[in-house]
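Please examine the sequence and the structure shown here.

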Amino acid sequence: MNFTFSIVVARSLTVAFRPKGFRRAIMPKLKTHKGAAKRFRSTASGKFKRGHSHARHILTKKATKRKRILDIDVLVSEGDQKRVEKMLPYGRD
């Protein structure tokens, strides 16, 4: 069987090779926001955890208790939950 192939460019700029005459539409892939993927993790219940800021350098002047509290991850606030869900459509483990 001899197929002639045509190149179809989807909305997300991925190239798919399909036999000519095969005209089913390809849904575009949702892109993960890479900056958000590095900063948030999803929980088993679907919420997102985040780390604290101000915990990476200039630690000598900060109290031990403050540094210990900054090391604990917390949940993203309810107001930001939908925004993070949009940036991470497939979640992150």
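The side chains of Arg83 and Asp80 meet in a salt bridge, with 3.5 Å from N to O. A salt bridge here is a side-chain nitrogen of Lys or Arg within 4 Å of a carboxyl oxygen of Asp or Glu. Side chains of opposite charge can pair when their charged atoms come close. Arg83 and Asp80 are three residues apart in helix H3 (residues 78–87), so about one helical turn separates them. Arg83 is exposed, with a relative accessible area of 54%, whereas Asp80 is partly exposed at 31%. In these terms, buried means under 20% relative accessible area, exposed means over 50%, and partly exposed lies in between (1.4 Å probe, protein chains only).

This is a predicted model, in which local features need pLDDT of at least 70 and side-chain atom pairs count only at pLDDT 80 or more, while totals for chains, interfaces and linings use all residues. Residues are numbered from 1 along each chain as its sequence is written, and side-chain values use heavy atoms, with hydrogens and water left out.

The structure holds two salt bridges. Besides the pair in helix H3, the side chains of Arg41 and Asp73 meet in a salt bridge at 2.2 Å, N to O. Because Arg41 lies in strand S3 and Asp73 in the loop between H2 and S5, this pair ties together parts that are 32 residues apart in sequence. Arg41 counts as partly exposed at 25% relative accessibility, and Asp73 counts as partly exposed at 32%. Helices (H or I, at least four residues) and strands (E, at least two) are DSSP runs, numbered from the N terminus.

Strand S3 belongs to an open sheet of three strands in the order S3-S4-S5, with antiparallel pairing. The edge strands are S3 (40–42) and S5 (74–75), each of which pairs on one side only. Two strands pair if DSSP finds at least two bridges between them; S3 and S4 pair over three bridges. Arg41 stands opposite Lys49 in S4.

A polar atom of the Lys62 side chain does lie 2.7 Å from the backbone oxygen of His54. Leaving aside neighbours within four places in sequence, Lys62 is in contact (heavy atoms within 4.5 Å) with His54, His57 and Lys67.

How values were computed
Polar contact = N/O pair within 3.5 Å; in protein donor to acceptor, adjacent residues only side chain to side chain.
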